[in-house]
Structure formats: C-alpha cells, structure tokens
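Please take a moment with the sequence and the model below before reading on.

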Amino acid sequence: MGKTFIVAEMSANHNHHKDIAIDTIKAAKKAGADAIKIQTYTADTLTLNCDAPDFRLGDGLWEGETFYSLYQKAYTPWEWHQEIFHVAHEEGLVCFSTPFDPTAVDFLESLDNPIYKIASFEITDIPLIKYIASKHKPIILSAGIAMEEDIRLALETIRAEGNNDITLLKCTSEYPALIEDANLLMIPDMKKRFGVKVGLSDHTEGSLVPMAAVALGAEVVEKHFIIDRRIGGPDSAFSMEADEFKSMVENIRQIEKALGAVTYPTEPSKIKGRGGCRSLYVAEDVKEGEVITEKNVRSVRPGYGLHPKYLPEIVGKIAVRSLHKGERFSLDMIGKSKSIDGF
C-alpha cells in the first residue's frame, strides 16, 4: 500500500485572523499533514443574502444562522490566498482549495492550484464540475449527500473532459458526525463500483474512523484542523487540535506498515518462524530392517524434518539403516515403493 495522503482542512478555523491562518499551516506541517486545504468562496458566490425560511439553518451546530451569515463568518478572504499558498509551499505542504463557482476556479488557476476538491453539497452542480474538470487537475470528489446516480453523473462529467485522476471520498455530511453513521464499508465498495481511488472526509470526533478507513483502503484522509478549539469559529467543534492530528497521523503510518502487501511465500526458508511448525522425526531408535510405525516416527515440532503429509505413506515401510531418536526423518531412510515414488 502507498502512503495515505493526509489533508488538514483549515476551512473557517482561522476565525478571520490571517496570522492564525499562517500559524495553522505551520502547525499542520509539524503535526504530519501532507497537505493543507482551504475553501475559495464568498457569501455572495455561494448563496443569496436572504432571510426567507429556505435560507435559514435549522437545529444543530449553526442554529439561528442564515446561509449568508454563516458563510460571511466562515470564508477565507481571497486576498489571503497567495500568502497562504506561499507559506504552505515553504513549509513543504501541498496547498489546494475547494472552489464554489467558476470565478473561484479562475482565481485558483492564477495561483497554480494543484488539486481541486469538490465539496459534498456541490456534487449536483454539474456545470461547475465540468468547468473544474476542464482544467485537467486531479479532482477529489466528496460524496456526503450524494445518491448513486449523483456520483455516476459527476464522474461521467469529469471523465467526459478527459480527466481521469479522480478520488472519491466517503463522507458523512453531519457536523459533528456520529460514529455509527460512518458506514466505512462503503470505501471498498466505492472503489470497486466506480473504478476510482477512494478516501475519507471525516467529521467524527477522534481518529478511530480515519484509522479504520485506511485499513479498508482509503488513500486520502481529510480532517478539519485547528490550532486550539478555544478560539471558536463555525467549525471548531468538530476539528482536531494539533496534538490529536499528530497522533492520528502516527497511527495511520503504523497501520500502513501493518497492512504490508499480499504475499504467499513459496520458500519455507524465507518464512519467519517456519522452524516452529511440525515435521517428521525419529521418535525412538530403529534398527536396520525394522518397520516404521507411528510410534517410532512422529509429527512433532520443530519443522526441519520431512513434511507430515508423508506419514501415512511411510508407516509400514522398512528402515534401510539404523535410525536414532531425534533424527530428522527423510525418504532415503526407507525402501521406496510405488506409493511414495515421485514425492
């Protein structure tokens, strides 16, 4: 298995302070992230400044907000983007963004944005997906609120533009998400069903779900990252602090080692511990001409003697020389017969 691409999602966790945004990038690097992700929109490019019932958020983390007021608090100012990209590159992190309209795509192109993330709620915006795909950059597509037909249409749209570098993320679009809603078995299914790379965008608390996702084949893990939850902000409640993120990264790297590779050894000498298995040994002294029995030849540990599969074939045969207790049994100790020729 290759190295999991671990993304620290900054989102709104700068709380509209640029210095916090810069410090977040540096903290993400120290915590072991491979990439920092931001979002590129304004309240006006994402929704309408409207107080009608349809534009009000109901119960939950953002109760009482309108879409517009929430996005005003959460957006990352576009004038920060160039410095954010620059600092991330200096730190050795991949920096990329989620655009929410074509003007954001054009702006990100001017910054050489290397990867495009398409958010869960934009999976039905086929014109936007088509425009993003036309830039021929790798695409990470989150499927949090999608039906299967939504996923298929989005993938068809991307591929129709000649873009086949696609990673589909399992995502539960709840904030925070409950662990029992993670449905991680979707990860191997999505890989097989849609023929794409797979990953996880996670909103649960803690690192158990991301670690399990990697064990199930996730190649990308995205987790909201914050320096300190006490600074507050729209996403702070379901974001990981630096020490938690670092622990998650370390555990994922250990899981990668444990997953190893699919291998079925064919040479016993190259298998660790093989010597501890069973094999045939002389269990008591046998004189030349005596009959081999299950008493004087036995299957025991260690495994340096003859394979136990031969025991039924050798019982009843005659020893061609004297055998001593503790000797590794071999076929040249007995007279060959038709039943064992060719072994």
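Contact here means that heavy atoms lie within 4.5 Å. As a general background, nonpolar side chains in soluble globular proteins tend to be buried together.

Ile25 is one of the buried residues of helix α1, together with Ile20, Ala21, Ile22, Thr24, Ala27 and Ala28, and what covers these buried residues includes β1 (5-9), β2 (35-40) and α4 (81-91). The helix itself runs over residues 18-30, and its 13 residues reach 19 Å from the first C-alpha to the last, close to the 18 Å expected at 1.5 Å a residue. Just after α1, Gly32 takes a positive phi of about 100°.

Phe67 and Tyr71 form one that is stacked, at 6.1 Å centre to centre and with 25° between the planes; because they are four residues apart in helix α3 (residues 67-74), about one helical turn separates them. Phe67 counts as partly exposed, at 27% relative accessibility, whereas Tyr71, with a relative accessible area of 18%, is buried. Another pair, Phe225 with Phe245, is edge-to-face, at 5.1 Å centre to centre and with 85° between the planes. Since Phe225 lies in the loop between β8 (220-224) and α10 (242-259) while Phe245 lies in helix α10, this pair ties together parts that are 20 residues apart in sequence. Both Phe225 and Phe245 are buried. Ring pairs also link Tyr41, Phe67, Tyr71 and Phe100 into a cluster.

The structure holds zero disulfides; of its cysteines, Cys50 is partly exposed, with a relative accessible area of 26%, and Cys277 is partly exposed at 27%.

The mean pLDDT of the chain is 93, and 96% of its residues reach 70 or more, but pLDDT stays under 50 over residues 337-343, for which the model has eleven contacts beyond four places in sequence. Where pLDDT is low, the predicted coordinates should not be read in detail.

Definitions and conventions
Residues are numbered from 1 along each chain as its sequence is written. This is a predicted model: local features need pLDDT of at least 70, side-chain atom pairs count only at pLDDT 80 or more; totals for chains, interfaces and linings use all residues. Side-chain values use heavy atoms; hydrogens and water are left out. Helices (H or I, at least four residues) and strands (E, at least two) are DSSP runs, numbered from the N terminus. The expected span of a helix is 1.5 Å times one less than its number of residues. Buried means under 20% relative accessible area, exposed over 50%, partly exposed in between (1.4 Å probe, protein chains only). A disulfide is a pair of cysteine sulfur atoms within 2.5 Å. pLDDT is the predictor's confidence in each residue, from 0 to 100. Rings of Phe, Tyr and Trp (its six-membered ring) pair if their centres lie within 6.5 Å; planes under 30 degrees apart count as stacked, over 60 as edge-to-face and the rest as tilted.
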